[in-house]
Amino acid sequence: MIALLLRDLRLAVRAGGGFGLGLAFFLIVVVLVPFGVGPETELLSRIAPGILWVASLLAALLSLDRIFALDFEDGSLALLATSPLPLEGAAFMKALAHWITTGLPLTIAAPMLGFLLSLAPEAYFYLLVSLLIGTPALSMIGTFGAALTVGLRRGGLLLSLLVLPLYVPTLIFGAEAVRRGADGLDPTGALVLLGGITAGTFALLPFATAATLRINLR
Amino acid sequence: MSMWEYANPKLFMGWTRPVLPWTFGLAAACLVIGLVWGFFFTPDDFRQGSTVKIIYLHVPSALMAINAWIMMLVASIIWVVRRHHVSALAARAAAPVGLVMTLIALFTGGIWGQPMWGTYWAWDPRLTSFLILFLFYLGYIALWEAIEDPDTAADLTSVLCMVGSIFAILSRYAVLFWNQGLHQGATLSLDKEENISDVFWFPLLVCIAGFVLLFIALVLMRTRTEIRARRIRALEARARRA
Amino acid sequence: MLNVHNLTCARGGVPVLSDVGFTVEAGQALILRGPNGVGKTTLLRTLAGLQPAIAGDVICPDDESAYASHADGIKTALTVAENLQFWADVYGQGRRFAPFSVLEVALSAFDLFDLRNRMGGTLSAGQRRRLGLARLGVIGRKVLFLDEPTVSLDRASVKLFADWLRAHLAAGGIAVIATHIDLGLDAPELELTPFKSALDAGGGTDEAFL
């Protein structure tokens, strides 16, 4: 299983754009927001938690369709399905690789972009923590969505339509934690619920993803 | 003979043919009686005035929007466990009906909300949950449309429906956490005393019965269409091989 | 030993092959013959467990089989050696021997040793096919289901593959091969045309609607 993780990471680094594009997209979305809503520091500071969460969610969405599509096209997915590696484990590792290549860089970059949106100083810690806890769920849910649309020629748009509603609870708890942090309230409740969702998705969705892949490979 | 045999496509076509007109007729009767009774023969509410009468469309459609999804979930599970084709096709047939019910609930809610709360739309937990439910319906229908092989489509949409149901419930509670809301409490509930009076309650019951019957009739009719489409596909496949 | 009994398999919900049965002893190969579209790929995919059979049994020792499809599953951004190492690791063969020795044997057997540091994306079609076949050498599986293994191979490479296969069989391996060319193996052939499903064959998913 580690072999699959290492292979995917190596492919992401070599193919280029894996890390960079998602981050660049994140940056551009965050930069565009002040152009849209105006430069008032007070307003930006108030909406910063939501903007940062929505932007990182969209950036994570960008690379989802590549999770299984390339392996499906070149036949390695069918070979993996007949290998001794359980497909559930493969799904888990795919999600983990996606998180390391997108979720983790986004988490690290988010505080710097929070600076651009004059995020409240108290909120930086919670921004980092909530993204660290929440983005793995985004990757796992996205992996499930990618498995659903893997056999479709133009699955990209459909993938967004399927995955975005599933992102709602993660987004709500994640952004709420940062907002409470910024307002000086206690964000523990939101963080615990966010962690619960992440744990739940990693417990359940690898099985759903593996079942979906088996159906698509039939 | 076990009850599952009624789910054989041919038997299903047989017993639904006579049942269908009766269901439509009963649904129409209930709706006409319930709506006329509700609109013209009930007093205006002392606080909400005549606006309250939209309840006869709003509550039944909202109820059916959720029940349609639950029916799709049950049908999906039956398909996954017992591989009854009619079950998968019934889930497919119910989705657009559920989608329209969700839209009716959202629109009538807006019309009701404008004079009451002074706005057509607010990010209230109930309203938001319905908007999310609407998105779930859209995704489910889009996935059915996108996949060519009918059995693969049935399998994948069933998985989506089951996973989606978990996330729909999660979203419901997440939204409550996010915003406490201004929507009034549930109109109907089993565990507390009715908070609307009998004058409104009886015509509402008739309307709900009408919506349930209308939903059943529409789903039966659409399932019959799906079965016919599937039969054409099967016959064409056989003709190609011959 | 591989034992296939009354196997019926379907493509797109329609039965294509009915009541296929054969036995392959250890050390033997079986060549599947038949015109395009008769169901060779479907049969191999069913044997490999990628799709469920409508009826019948495939009796095969657990965790001993491997499948090679038309597609080679080669990653263009990995080198030849890395591609092989990945599959060796997935099948738990990476560490059992001294590092790279399994790989070196497989690389040499398919004349890929000089190409081992080339990127997968720079290989020619024949070289890619050889790399796809070399995968079978590093995964340590006895029962092989091979779908058109010699496509885009030149004559010398076909001989390399036949030699490797002969050695694999001599070591107690089993192979079921769909191919149109003569590999020069001393193996029985199974013509699939007689097993073609009748037009009214039952068991397909469309059956309930007819």
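Predicted model: local features only at pLDDT ≥ 70, side-chain atom pairs only at ≥ 80, totals over all residues.

Me: What makes Val86(B) count as buried?

Reply: A residue is buried if 20 or more other C-beta atoms, placed from the backbone, lie within 10 Å of its own; 12 or fewer makes it exposed, and in between it is partly exposed. Val86(B) has 26 C-beta neighbours inside 10 Å, so it is buried.

Me: Where does Val86(B) lie, and which residues does Val86(B) touch?

Reply: Val86(B) lies in helix 3 (residues 85-117) of chain B. Helices are DSSP runs of H or I with at least four residues, strands are runs of E with at least two, and both are numbered from the N terminus. Leaving out residues up to four places away in sequence, Val86(B) touches Ala7(B), Pro9(B), Phe12(B), Thr223(B) and Ile227(B). Touching means a contact: C-beta atoms, placed from the backbone, within 7 Å.

Me: Why are helix 9 of chain A and helix 5 of chain B called roughly parallel?

Reply: Two packed helices are described by the angle between their axes and the distance between the axes. The axes of helix 9 (residues 168-182) of chain A and helix 5 of chain B come within 8 Å and cross at roughly 25 degrees. Axes are lines fitted to C-alpha atoms, for helices over the stretch in contact, with angles from 0 to 180 degrees between N-to-C directions. Under 35 degrees is roughly parallel, over 145 roughly antiparallel, 65 to 115 roughly perpendicular, and the rest oblique. Helix 9 of chain A and helix 5 of chain B are therefore roughly parallel.

Me: Which residues meet where helix 9 of chain A packs on helix 5 of chain B?

Reply: From helix 9 of chain A come residues including Ile172(A) and Phe173(A). Helix 5 of chain B brings, among them, Phe167(B), Leu170(B) and Trp178(B). By class, this contact has 10 nonpolar, 1 polar and 1 charged residues. Nonpolar covers Ala, Val, Leu, Ile, Met, Phe, Trp, Tyr, Cys and Pro; charged covers Asp, Glu, Lys and Arg; the others, Gly among them, are polar.

Me: What makes helix 10 of chain A roughly antiparallel to helix 5 of chain B?

Reply: Helix 10 (residues 188-217) of chain A and helix 5 of chain B pack at about 170 degrees, with axes 10 Å apart. That angle makes the two helices roughly antiparallel. The contact has 8 nonpolar, 2 polar and 1 charged residues.

Me: How do you know that the radius of gyration of chain C agrees with a compact globule?

Reply: The radius is taken over C-alpha atoms, and the globule rule is 2.2 Å times the number of residues to the power 0.38. For 210 residues a compact globule would be near 17 Å; chain C has 18 Å, so it agrees. The C-alpha trace of chain C spans about 55 × 35 × 35 Å along its principal axes. Buried residues make up 48% of chain C.

Me: How many helices and strands does chain C have?

Reply: Chain C has 5 helices and 8 strands. Along the sequence they run β-β-β-α-β-β-α-α-α-β-α-β-β.

Notes:
Residues numbered from 1 in each chain as written. Chains lettered and ligands numbered in written order. Contact = placed C-beta atoms within 7 Å.
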